Amino acid sequence: MRLTILGCAGSVPGPGTNASGYLLEADDFTLALDLGNGTVSALQQLRDPFDLDALLLSHLHPDHCADFAALTVIRRYHPERPGADRRLPVYGPAGTEQRLVNLYAPNERERAETDLTDSYSFAPLPSEPTMIGPFEVQAIEVCHPTPAYGVRISYDGTTFAYTGDTGVCPSLERLAAGVDVLLAEATWTDADDRPPGIHLSGAEAGQLAERAGVGKLLITHIAPWTDPAAIHAEVKAAYTGPSEIVVQGASYELAQRR
Ligand SMILES: [Zn+2]
Ligand SMILES: [Zn+2]
């Protein structure tokens, strides 16, 4: 199972860095996790955009789904676009289909022309472990101002979890419990005046990984105005395992802990 970073800037794209988007690949199957601002540019640099086999959206904030509109233009107008028999499965929270149709087609006339079912098949996020290609995927609701989910994904004995955007909440413990690799957001540094229920600090991400006994911690979604070194120092003070701040374009082989 291989993780590739299409973008990792927190909340907005940064200078030279896209917002959130990831590829998870195994057995020639490519699952995209989130598709924030700029990620379709990175996707085209790294892969054929038609290589995607499924798309999963953690939540519907623009920094996690804005480039769905760009992907749609490619899938509907590229001269070598796939036929209607190769619709891309899209998994997302309640309201995903309408949100994405409106994002792509801003007025009634355009929406009358397409409801996007020529290009996509929409499905709810799996609340129970469900096979998507070779991956066993379970979405777990987390805590954010809009309905938001983390995902726990297993392949060939290795388990990976992605927090999406979340504040500290009990369901994070279930999401992260014992995973080999946790991709956790850490948007801001730790401070008493951070509003609850929105994002994790570096310290909170590190404490979660320590409590949950994760094998390796990858940190993402650092806001462009926050110092990554300060986040990493908080993580390392709280978590005794290996940790890394992810960078755009990098790939990580996800393996079982030794
Ligand atoms: Zn975000
Ligand atoms: Zn968000």
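Let's start with the spacing of the residues that hold the zinc ion (ligand 1): in sequence, its donors follow the pattern D-H-x100-D-x55-H. Here, His 64 sits in helix 2 (residues 62–65) and Asp 165 sits in the loop between strand 10 (158–162) and helix 6 (171–176), so this pair ties together parts that are 101 residues apart in sequence. Please keep in mind that what you see on the screen is a predicted model.

Which residues are the protein donors of this zinc ion (ligand 1)? They are Asp 63 through OD, His 64 through NE2, Asp 165 through OD and His 221 through NE2, and they lie 2.1 to 2.2 Å from the ion. The angles among the four donor atoms run from 92 to 161 degrees, and the site is irregular.

Now for the neighbour. The zinc ion (ligand 2) lies 3.6 Å from the zinc ion (ligand 1), and Asp 165 bridges the two. The protein donors of the zinc ion (ligand 2) are His 59 (NE2), His 61 (ND1), His 144 (NE2) and Asp 165 (OD), at 2.1 to 2.4 Å from the ion. Their spacing in sequence reads H-x1-H-x82-H-x20-D. Why is this arrangement called irregular? Because its four donor atoms subtend angles of 89 to 167 degrees. His 59 has 0% relative accessibility and so counts as buried, while His 61, at 27%, counts as partly exposed.

Is Thr 163 buried or exposed? Its relative accessibility is 0%, so Thr 163 counts as buried. Leaving aside residues up to four places away in sequence, Thr 163 touches Val 142, Tyr 149, Gly 150, Leu 172, Leu 175, Leu 182, Leu 183, Ala 184 and Glu 185. For Tyr 149, the separation from Thr 163 is 14 residues in sequence and 7.2 Å in space, C-alpha to C-alpha. With Glu 185 there is a polar detail: its backbone nitrogen lies 3.0 Å from a polar atom of the Thr 163 side chain.

Seven strands form an open sheet in the order 7-8-9-10-11-12-13, with mixed pairing. At the edges are strand 7 (130–132) and strand 13 (243–245), each of which pairs on one side only. On average, neighbouring strands are turned by 25 degrees against each other, direction ignored.

Let's walk across it. Strand 7 and strand 8 (residues 135–141) run antiparallel and are joined by three bridges. Along that pairing, Met 131 has Glu 136 of strand 8 as its bridge partner. Helix 8 (residues 228–238) packs on the sheet, where it touches strand 12 (216–220) and strand 13, and its direction makes about 165 degrees with that of strand 13. Further in, strand 11 (residues 181–185) runs parallel to strand 12, with five bridges joining them. There you can find Leu 183 opposite Leu 218 in strand 12. Strand 12 is largely enclosed by the rest of the structure, because four of its five residues are buried.

On one pairing, strand 1 (residues 2–7) and strand 2 are antiparallel over five bridges, with Thr 4 partnered by Leu 23. On another, six bridges join strand 2 to strand 3 (residues 29–35), again antiparallel, and Leu 24 is partnered by Leu 31. Strands 2 and 3 form a hairpin with two residues between them, and there Asp 27 takes a positive phi near 50 degrees.

And Glu 25 itself? Its relative accessible area is 16%, so Glu 25 counts as buried. Which side chain does the Glu 25 side chain meet in a polar contact? That of Arg 47, at 2.6 Å. Beyond residues up to four places away in sequence, the residues Glu 25 touches include Met 1, Thr 30 and Phe 135.

Conventions: Residues are numbered from 1 along each chain as its sequence is written. Chains are lettered from A and ligands numbered from 1 in the order in which they are written. This is a predicted model: local features need pLDDT of at least 70, side-chain atom pairs count only at pLDDT 80 or more; totals for chains, interfaces and linings use all residues. Side-chain values use heavy atoms; hydrogens and water are left out. Donors are N, O and S atoms within 2.8 Å of the metal (3.2 Å for Na, K and Ca); water is not among the atoms, so sites may look incomplete. Four donors count as tetrahedral if all angles lie between 85 and 135 degrees; four count as square planar and six as octahedral if opposite donors are over 155 degrees apart and all others between 65 and 115; anything else is irregular. Two strands pair if DSSP finds at least two bridges between them. Axes are lines fitted to C-alpha atoms, for helices over the stretch in contact, and angles run from 0 to 180 degrees between N-to-C directions. Contact means heavy atoms within 4.5 Å. Buried means under 20% relative accessible area, exposed over 50%, partly exposed in between (1.4 Å probe, protein chains only). A polar contact is a pair of N or O atoms within 3.5 Å; within protein, one must be able to donate a hydrogen and the other to accept it, and residues adjacent in sequence count only if both atoms are side-chain atoms.
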